[in-house]
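Hi,

Here is the structure I said I would pass on.

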Amino acid sequence: MKISVIIPAYNQGKYLVRAIESVINQNIKEYEIIIVNDGSTDNTGEICEEYAKKYDRIKYIKQENKGLGGARNTGLNSAIGEYILFLDSDDAFVPNCFAGLYLFAKSKNADIVYFDEIIADSNLNKQYIARTYSEMNVEIDKIKALKQCMNPAHVWSRMYKRSTISSYKFVSMWYEDMEFLPQVILNAKNIFYYKIPLLYYRQHSEGITHKNKDERNKDVIKAWNKAISLCSDVSDEEKNAIYDAVKNSIKNFIYFRPYYSDNYLNFYNDVIAAMNEEKSNVKVDLENCIFFYQAKFYENKQLVSFLESLVNLYNCGGVFIFGDNKYISNDLSDSKLILKKDNDAIICTEMQVAKKSIVIKSILDFFMNINLVSLKGDIKDIDTQKIVLESFLDNNCIIEMRK
């Protein structure tokens, strides 16, 4: 058996047929479809039974509700294919893509093959192609794969050699992909990128990504904890890559789920910021900063003042108050960013930094290397608060959320 396709299904009767048909009509015959009905209460079971009777290649498994991770585990336990593909019951594969994908994987002796997806609307009409891994080469370096293992963490945008993932299980929680993937990537030897979009990813209001104030959004912290726990048995390079992946994921979730941003930042402060902040002795000014002169030319007084304050913060240390765009000289020994939530939006209120702080140097370096004017001649809208927040996260500085 060349490929096993695992389809977990929970109350997705209105989408499931399209998912199953997208596999049945593939240009490869040595495959199996494993549909796991995870305690559905709609017509999902009837659809599964109908297709299982009609096609010998379909295995139908009915179980009590165990969640998406539990359903995937059931499918993995039953799979006999050389390679595994996961398909959510509301998505679909592109026609006639399996043969090329399998031949590519075999020719490379691949443990994992990444591929692109097509972002689709609720009716599965193409919106655009998401080339998530476009910066990667055909042969993916493991360190690069680890750095990006949580951004995004979609198990369905990859194909896996069954022997590579057979010893791993999904946990029953939201964002179980993010808990699963770092382990699998660490175990893989040969990782490749098949630069072709193979799957339609349906976006609709019923999906997990649209449930903003569900407590299960905090489950992502379990995934970050699991990733950090892996660092005790890996090389320093792999450890740094995993930390980078977690920090990048925290950055994304602060904006993706702002309602729980204080929970995410508490995790960040407790775990990530334990690493010491480095210091720099380089003196900086705005003499050679084209961005600064552009801001002055276009009379963006707020941006000019902000850049001048950054230089003062770096050279002398002190406090910057965002609402008043005000710099206050102060001799501080550490660096801290203070935030507040306003109608679930994240707002920077105060930046407290030590002299020669590397976080301020990184923010200045960012502005030194960008152009305020776009290729079309428009003036870019620069979100300075987002730049500051992400720099503090990148540089392991303390971040506080206040009421």
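This is a predicted model: local features need pLDDT of at least 70, side-chain atom pairs count only at pLDDT 80 or more; totals for chains, interfaces and linings use all residues.

Let's begin with strand pairing: S1 and strand S2 (residues 31-38) run parallel and are joined by seven bridges. Two strands count as paired if DSSP finds at least two bridges between them.

Residues are numbered from 1 along each chain as its sequence is written, and side-chain values use heavy atoms, with hydrogens and water left out.

**Around S1**

S1 has another partner too: strand S4 (residues 83-86) pairs with S1 in the parallel sense, over four bridges. Look for Ile6 there, which stands opposite Phe86 in S4. S1, helix H1 (residues 13-24) and S2 together form a right-handed β-α-β unit. Right-handed here means that, with the strands pointing away from you, the path from the first strand over the helix to the second runs clockwise.

Is S1 (residues 3-9) mostly covered or mostly open? Mostly covered, since seven of its seven residues are buried. Buried means under 20% relative accessible area, exposed means over 50%, and partly exposed is in between (1.4 Å probe, protein chains only). Both faces of S1 are covered, with Ile3, Val5, Ile7 and Ala9 on one side and Ser4, Ile6 and Pro8 on the other.

**The chain overall**

The chain holds 14 helices and 14 strands. Of its 403 residues, 54% count as buried. Along the principal axes, the C-alpha atoms fill a box of roughly 75 × 45 × 40 Å. As for contacts (heavy atoms within 4.5 Å), take those in the chain with a separation of 6 or more: residues 24 or more positions apart account for 74% of them.

**The hairpin at S10**

Further along, strand S10 (residues 318-321) and strand S11 (residues 326-329) run antiparallel, with four bridges between them. Val319 has Ile328 in S11 as its bridge partner. The hairpin these strands make has four residues between them, and Asn325 there takes a positive phi near 50 degrees. S10 also pairs with strand S13 (residues 345-353), in the antiparallel sense and over four bridges. In that pairing Ile321 stands opposite Glu350.

**The second largest pocket**

How much space lies in the second largest pocket? About 250 Å³. A word on terms: the search uses a 1 Å grid over the protein atoms alone, and a cavity is a set of points where a 1.4 Å probe fits but cannot get out, while a pocket is an open set with protein on both sides within 12 Å along at least five of seven lines; lining residues have an atom within 4 Å of a point. Points are joined across faces, edges and corners, and the volume is the space filled by probe spheres set on them.

This pocket is lined by 13 residues, and the closest to its centre are Gln302, Leu303, Phe306, Ile382 and Thr384. Helix H12 (301-316) and helix H14 (384-394) are the elements that give two or more residues to the lining, and H12 gives the most, with three. By type, the lining splits into six nonpolar, five polar and two charged residues. Ala, Val, Leu, Ile, Met, Phe, Trp, Tyr, Cys and Pro count as nonpolar, Asp, Glu, Lys and Arg as charged, and the others, Gly among them, as polar.

- Asn269 is in helix H10 (residues 261-271). Asn269 counts as buried because its relative accessible area is 17%. Beyond residues up to four places away in sequence, Asn269 touches Cys397, Ile398, Ile399 and Glu400.
- Gly45 belongs to helix H2 (residues 44-54) and is buried, at 14% relative accessible area. Leaving aside neighbours within four places in sequence, Gly45 is in contact with Asn37 and Tyr60.
- Lys169 lies in the loop between helix H6 (162-165) and helix H7 (176-187). Its relative accessibility is 39%, so Lys169 counts as partly exposed. Not counting residues up to four places away in sequence, Lys169 touches Asn73, Asn77, Glu179 and Phe180.

Cheers
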